[in-house]
Amino acid sequence: MKLRNIFFTLLLINSLVSCSTDTGSKKETQPTTSVLVKKIIKTYRPNEVDILTYKYDGNKIVSETWDGGLTTYYTYTGDVITKIETKGADNITKWSLDYIYLNGKVAKEIEKSNWETDSRTYTYNANGTVSYARTRTGGESTTGLLTFENGNLVKNEEFYSGQFPFTNTAIFGYDTKNNPFKNVLGFNLLLYSNPEDMFSKNNMTQIEVPGNSMDYYTFKYDANGYPTERTGDNPYFPETYQYFY
């Protein structure tokens with residue numbers, strides 16, 4: 001199983017904020033606010049396939065289950081998500097993410113796994129950017145800055161001080177279509193995300209780590225402007241995602 005898709009790993013990280021406005025095709029076959037992805041098939045190689053299934057209570061997401069045995073559960077307090085937790089078939093928690101809100105926005109998130117605790121505290125700036133302070137067990141404390149355009153994160157800069165200060169930068173590009181999770185209640189408030197899906201307003205088409213890597217993704221869409229397929233361009237790690245609603 002691609003654990004990077006479960007544990008939301010570090011480099012291509014942090015934070016996708018979304019709005020809930022976008023327009024689909026004029027030939028809409030159902031109300032777009034009712035569109036919820038029910039299954040995703042992720043094919044990495046001919047013999048390496050993950051199948052994810054989703055359950056909802058209205059527009060509240062309940063769970064995401066991998067055919068390999070892991071299930072991610074979502075806990076709401078009112079209309080906001082306050083906990084995301086991944087458990088194995090043994091019902092033991094493998095990973096969790098807790099959210100603390102202030103004035104209707106995420107003020108802090110606490111990520112826990114078997115090997116570390118990773119916390120981020122957020123400050124919302126007047127110019128629309130979001131600053132964060134990050135602390136984690138066994139790792140250096142850092143600060144960072146998130147920059148947004150049209151409701152999507154376009155740049156994440158993480159600043160390391162220490163003896164040899166440097167900056168990790170990730171730059172993201174998007175299409176103008178609907179993210180498959182656009183209509184999930186509470187996702188538009190969350191700042192931490194797997195860049196490959198979940199919380200963005202639109203679909204991520206490009207991830208660049210300057211001086212290091214560049215990845216592109218191509219999408220096919222249905223009549224409502226939601227993706228039905230995503231293909232990556234990396235010949236060494238071929239992958240195709242299929243979306244079912």
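Which kind of link do the side chains of Lys83 and Asp98 meet in?

Modeller: They meet in a salt bridge, with N and O 3.0 Å apart. By salt bridge I mean a side-chain nitrogen of Lys or Arg within 4 Å of a carboxyl oxygen of Asp or Glu. Side chains of opposite charge can pair when their charged atoms come close. Before we go on, a word on what you're looking at: this is a predicted model, where local features need pLDDT of at least 70 and side-chain atom pairs count only at pLDDT 80 or more, while totals for chains, interfaces and linings use all residues. Residues are numbered from 1 along each chain as its sequence is written, and side-chain values use heavy atoms, leaving out hydrogens and water.

Now back to our pair. Strands here are DSSP runs of E with at least two residues, and helices are runs of H or I with at least four; both are numbered from the N terminus. Lys83 counts as partly exposed because its relative accessibility is 23%, and Asp98 is partly exposed too, with a relative accessible area of 23%. For those words, buried is under 20% relative accessible area, exposed is over 50%, and partly exposed is in between, using a 1.4 Å probe and protein chains only.

What about the strands themselves? S5 and S6 run antiparallel and are joined by five bridges. Two strands pair if DSSP finds at least two bridges between them. If you want one of these contacts to look for, Ile84 has Leu97 in S6 as its bridge partner. The two strands form a hairpin with five residues between them, and Asn91 in that turn has a positive phi of about 65 degrees.

Follow the chain along and you meet another hairpin. S6 and strand S7 (residues 105-113) also run antiparallel, with eight bridges joining them. Here Leu102 is partnered with Lys105 in S7. Two residues lie between S6 and S7, and Asn103 in this turn has a positive phi of about 55 degrees. While you have the strands in view, keep in mind that in a regular strand the side chains alternate between the two faces of the sheet.

The structure holds 10 salt bridges. One of them links Arg120 and Glu111, with N and O 3.8 Å apart. Arg120 counts as buried because its relative accessibility is 0%, and Glu111 is buried as well, at 9%. Those two residues belong to a network of salt bridges that links Glu111, Asp118, Arg120, Arg134 and Glu158. Elsewhere, Arg45 forms a salt bridge with Glu48, where the closest N and O atoms are 2.9 Å apart. Arg45 is partly exposed at 35% relative accessibility, and Glu48 is partly exposed at 26%.
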